[in-house]
Amino acid sequence: MSVSVVITCHDEERTIEQAVRSVEAQTTFAVVDEIVVVNDGSRDGSEIVLEQLAGEIERLSLIETPGLGVCAARNRAVREVRGEFVAFLDGDDFWTPEKLERQLPAFARDREIGLVYGDFVDFSRDDATDSRIITVRRFDPESPHHLRDYFVHDGPIMPSTVVIRRSVFEDVGFFDESLRIGEDTEFYLRVAEKWRFCHVVGAFTFKRRHISQLSWRLDALLPSAALVTQRLSSHHPELRSLAGRRMARLHAKVSADCAMKGERRNALHHNLAAIRLAPLYWRAWATLVLMLAPASVVRPLYEGLKRPWHALRQSWYSA
């Protein structure tokens, strides 16, 4: 068994060493055949840090690209790696030492398992004192409805949590570089057409949330999501009846995002779009009730439910 770790870096001078060192610290580092870092057009001191690391770590190699974007950067590396498995890591994230040790055995369950993923820890402070575990949907590798389930409930499978068989890329191709947003979801859907996923319980990846991301908008995902939905529906007629439900779920998420930003009109617009696309989608109706209720009622209700909800997610994680 051999693993190629692909790390992408763009202006991550402050965090790239932590990412690389977290790979070097793996309890199963012996199976890591190579660490390939793509320095994608960094204009800070990332190059200096990476050259120092390459001088210390024999298995570390560097690829320089002129700001192609994370999707193309990953593709460039994957085309050159030689490991039986490929694991991705963003330059501002890092792994716990047991990450590969816990995930790699899952591939032995079935030769049809092509992708293994897990939960992650969301944090923003450098010392990770504000970290919280984000549990993600657990797709059953034994399910006969794998593609359908992921089509409707697509994530979040974070790339930094993923390990993929190298042969998967040979089978389904690489990330679609024409998509600037949501290219990972589109790739996972193509994987789900021919392979199975396996969720390994545990949060072995720390995913850094930047302050600049707080203004990032979920509605930016909708055009790409609509394109991917149409593409999959045309290839798989059995998914056409589920396309509305898939897009309704995404509109509901955008509605919640707009509501958190105080954009009541936009939130209502997307919530009504969700109801129109899937009239029986209960989350959209529940959100509508909350939006129409007075703020003096909604805020205490939200604050009262937030803590037990996070506690429930924690219990799922530790189960």
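Cys71 counts as buried at 6% relative accessibility, where buried means under 20% relative accessible area, exposed over 50%, and partly exposed in between (1.4 Å probe, protein chains only). This is a predicted model, in which local features need pLDDT of at least 70 and side-chain atom pairs count only at pLDDT 80 or more, while totals for chains, interfaces and linings use all residues. Residues are numbered from 1 along each chain as its sequence is written, and side-chain values use heavy atoms, with hydrogens and water left out.

**Cysteines**
- Cys258 also counts as buried, at 0% relative accessibility.
- A disulfide is a covalent bond between the sulfur atoms of two cysteines.
- With a disulfide taken as a pair of cysteine sulfur atoms within 2.5 Å, the count comes to 0 disulfides.

**Aromatic rings**
- Rings of Phe, Tyr and Trp (its six-membered ring) pair if their centres lie within 6.5 Å, and planes under 30 degrees apart count as stacked, over 60 as edge-to-face and the rest as tilted; by this rule there are 15 aromatic pairs.
- One of them joins Phe94 and Phe123 edge-to-face, with 5.7 Å from centre to centre and 70 degrees between the planes.
- Phe94 lies in strand 5 (residues 94–95) and Phe123 in strand 6 (residues 113–123), so this pair ties together parts that are 29 residues apart in sequence; here helices (H or I, at least four residues) and strands (E, at least two) are DSSP runs, numbered from the N terminus.
- Phe94 is buried with a relative accessible area of 14%, and Phe123 is buried at 0%.
- The pair of Phe169 and Phe174 is stacked, because the ring centres are 6.0 Å apart and the planes are at 25 degrees.
- Within that pair, Phe169 is buried, with a relative accessible area of 1%, whereas Phe174 is partly exposed, at 23%.
- Ring pairs also link a cluster whose members include Phe88, Tyr117, Phe169 and Phe174.

**Charges over rings**
- A charge sits over a ring if NZ of Lys or CZ of Arg is within 6 Å of the ring centre and within 35 degrees of the ring normal.
- The charged end of Arg74 sits over the ring of Phe88, 5.7 Å from its centre, and Arg246 lies over the face of Phe151, at 5.2 Å from the ring centre.

**Helix 11**
- In helix 11 (residues 282–292), Ala284, Leu288 and Met291 are buried.
- Seen down the axis, the buried residues of helix 11 fall within an arc of 65 degrees, so they line one face of the helix; the arc is that of the directions from the helix axis to the C-beta atoms.
- On the other side of helix 11, Trp282 and Val289 are exposed.
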